[in-house]
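Dear colleague,

I am passing a structure on to you, and below it you will find what came out of a first careful look. Please keep it open while you read.

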Amino acid sequence: MGPVLRLIRTRSFLVVLVCLILASSLLFAPTLRSLIGQSSNPMKGQQPPVMIGWGGLRLDSATTTCSIVCYHNSTYAPSNVFPGQNQSDMERLVVRMKAIGLNTIRVSFAPYCTSPADHDDSLYSSSDAQNMIKIANYYHFWIVLRYDGDNDISTATTCWVSYWQPIIQQLGPLYDLIAWEPINEPNASVTTLSSTYQQWINMARNTGDQHFIIVENQCSSRCPYSDLSQGYPIVNDTLGKILISLHNYMSYRYSTWTTAAAISYAKKDYQAVLKGEQITGWYALDTEGGPDPQISTCNGPNGTTSGCPPDDILPGSAGYTNVSMTFIQTLTQLFDSHNPRIDWVWWPAGTWIDTPCAGTYGALQPAYCPGGTGYSGGVGWANLLNYVPVNGTSPRFPLSGNFTSTPGWLSVSASLNFNAQATGGLAPYGFSWILGDGATATGSSVRHTYPSPGQYIVTLTIVDEMNRTFTTSRTVMVVAPLSGAFTSSPLTPSAGTTITFIASGSGGVPPYSFSWDFGDGATANGDTSTHSYTDPGNYTVTLVTSDSSERTASRSQVVDVHARRPPSGGICLPCLFTDLLPKLSMLPVGAALGLLTVASLYVTRNRFRGLRKSVIARDSSSESEDR
């Protein structure tokens, strides 16, 4: 085989290989897209402004004042919108919402075609609708206007579309900040919803309307899918102003009722919304959700509280529990933290609500409501919800925390307890410690022992569910053990003599304080004290040293007090005897030594004399012989 032939065959092989790769990519591309949830689809919709707020307002609340019950039966305030009138129920709610950083109301009117009106709806009224727009315009609020007929979209489509047309034509030109919600929680298949929603969108655009239109997920009503994102209808809009919505609740009847499960369900809803945006190409505005555990018999003071969850705080439509509150709190912060932010309008606020103490505010009522049978009592849950206000950049209740240490001052080799607390952010929290001596620890409570005195900087870092962090530090002082000592002068005092006691402290936490017990019933305070004893004897003097951390140390020693000396100008025989006693005790010894000395001298002298005589005698004898 020549080189040319080999080159031709090699090129032919490469051409065939490239063709196979291209064919494979065309064949398997749809499968790959389905595996990743079609995340590569670009967003085709127009990004909406931030819209967060509350729903549950009846359309007639724009006109009525205390239509059912006033909050505390005394909330009348002059209207800013309608001179000479009191605030309507709707205006009162808008004022409350604006004060806590919200900008959207969801207003309902009753269905016309098939479904009867519900207690949270009023019949459509042109005058009520115009009052609604005047209120929203004054406070610069968005309106989500919903038609509360879940079946009309499928069972009376033509009637439903026709009923809406004059409403759009009348209200649309009056106010730009309206998002139409053609149907609430539609009860139909995704295929039917896609078709009927498209009819409604076409009608609105044919009339020249340019507002946002909200398309509801089938799973807001009844859901045949484990993947909630499969419930979004597929529609088109020439203006690109479609918003998709999923209603978010955690049902006590069908859910595992734990905090961990609540967080998991919230994340599942969040992922469904993100995937829904990717599948449809439209941005999301979830128009309803909350911590209501969805138990019909747990419905407040006018019904029963049977079947309420064991952690129920308030029953009824604006009710909540500890677990379900974790669900909606987690979801809210997931929405707020997403870029771009996912809009939400939670439920409910209004005069019709069956929750105790709700009045005209519903979930927004700020006063504490006492507990009752089956529920513990609390404020409206909107006051507890941590979210980023409309014009804010951080949560309403930012993550924060602190820690305490007990005891406040630590001695070497003693154990110190650190206890941390977190607020704001989103629970659950994680705690990590740097203890300043190279040691680290985790947990809300930590016990630690420092081996030597010194100042140690202890740092606590708190992490919440959203991975936000908060760090705080403080210095811990570790000291040597507290001790005290004292001296006294004179060292051998007599009764009646003034004795000076001087105390000193060490270790512990200066400054020190000193207290004295002199052993004869007398006491004193201060680092220097004087005292005299009336009678001779041995007295145990006790010094108690205290430091600024309220630790104490005790030290005792015995003071030997002698008998009193005579006063000046008199004779005290006992005193003299007392002083001479040691000397007199030596007299016998001295006398004996004296006698021995005298006797020794006497013997020595006699021996000397005898010796002298002997010498003289010898000398005399020698002289006689010489002669």
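The crossing of α2 and α3 is right-handed, which is the term used when the near helix is turned clockwise from the far one by less than a right angle, anticlockwise being left-handed. What you have is a predicted model, in which local features need pLDDT of at least 70 and side-chain atom pairs count only at pLDDT 80 or more, while totals for chains, interfaces and linings use all residues. Residues are numbered from 1 along each chain as its sequence is written, and side-chain values use heavy atoms, with hydrogens and water left out.

The protein contains 10 helices and 27 strands, these being DSSP runs numbered from the N terminus (helices H or I, at least four residues; strands E, at least two). Of its 627 residues, 46% count as buried, meaning under 20% relative accessible area with a 1.4 Å probe and protein chains only, where over 50% is exposed and in between is partly exposed.

Two packed helices are described by the angle between their axes and the distance between the axes. Here the axes are lines fitted to C-alpha atoms over the stretch in contact, and the angles run from 0 to 180 degrees between N-to-C directions.

Helix α2 (residues 89–99) packs on helix α3 (residues 126–139) at an angle of about 25°, with the axes 10 Å apart, and α2 is therefore roughly parallel to α3 (under 35 degrees; over 145 is roughly antiparallel, 65 to 115 roughly perpendicular and the rest oblique). On the α2 side the contact is made by Met 90, Glu 91, Val 94, Val 95 and Lys 98, and on the α3 side by Met 132, Ile 135 and Tyr 139, where contact means heavy atoms within 4.5 Å. These residues divide into six nonpolar, no polar and two charged.

For helix α5 (residues 157–171) and helix α6 (residues 190–206), the angle is about 30° and the axes are 10 Å apart, so α5 and α6 are roughly parallel to each other. Among the residues making this contact are Trp 160 and Trp 164 of α5 and Trp 200 and Met 203 of α6.

Finally, Ser 405 lies in strand β13 (residues 400–406), and because its relative accessibility is 14%, Ser 405 counts as buried. Leaving aside neighbours within four places in sequence, Ser 405 is in contact with Leu 416, Asn 417, Phe 418 and Arg 474.

Key:
Ala, Val, Leu, Ile, Met, Phe, Trp, Tyr, Cys and Pro count as nonpolar, Asp, Glu, Lys and Arg as charged, and the others, Gly among them, as polar.
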